[in-house]
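Hello,

Please find the structure below, followed by notes on what turned up in it.

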Amino acid sequence: MCIRDRVRRMLDGPHPALPPDLAARAVRRGGRRMRQRRAVRRTAGWLLAVVLAVFLVWVGVEQPWATEPAQVTPPLEGW
């Protein structure tokens with residue numbers, strides 16, 4: 001007996017009974033997962049916006065691209 005015949009026999013056999021509330025449970029679970037994903041995306045967006053704002057404030061205050069003033073002594077005059 002080949003595998004194809006076994007599979008056909010299994011699929012033609014009696015199917016197990018499904019719980020009557022299976023669809024309702026699937027809808028509840030799907031809704032819950034969708035709300036959770038939406039909350040995670042919203043939180044990640046707010047966190048990204050806060051990090052960007054903090055970075056922009058830091059860049060405005062520190063100005064890391066500017067070179068530091070040279071530490072040289074002034075020229076001696078009037079000696």
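A residue is called buried under 20% relative accessible area, exposed over 50%, and partly exposed in between (1.4 Å probe, protein chains only). Proline 64 is partly exposed because its relative accessible area is 48%. Proline 64 lies in the segment after helix 2, helices being DSSP runs of H or I with at least four residues, numbered from the N terminus. Leaving out residues up to four places away in sequence, proline 64 touches Trp58 and Val59, where contact means heavy atoms within 4.5 Å.

This is a predicted model: local features need pLDDT of at least 70, side-chain atom pairs count only at pLDDT 80 or more, and totals for chains, interfaces and linings use all residues. Residues are numbered from 1 along each chain as its sequence is written, and side-chain values use heavy atoms, with hydrogens and water left out.

The count of salt bridges is one, the rule being a side-chain nitrogen of Lys or Arg within 4 Å of a carboxyl oxygen of Asp or Glu. Arginine 25 pairs with aspartate 21, with 3.6 Å between the closest N and O atoms. Arginine 25 is partly exposed at 38% relative accessibility, and aspartate 21 is partly exposed at 36%.

Leu52, Phe55, Leu56 and Trp58 make a nonpolar surface patch of about 430 Å². Patch residues have over 30% relative accessible area and no salt bridge, with like charges joined within 9 Å and nonpolar side chains (Val, Leu, Ile, Met, Phe, Trp, Tyr) within 5 Å; areas come from the Shrake-Rupley method with a 1.4 Å probe. Phenylalanine 55 is in helix 2 and is partly exposed at 45%.

Regards

Key:
Helices (H or I, at least four residues) and strands (E, at least two) are DSSP runs, numbered from the N terminus.
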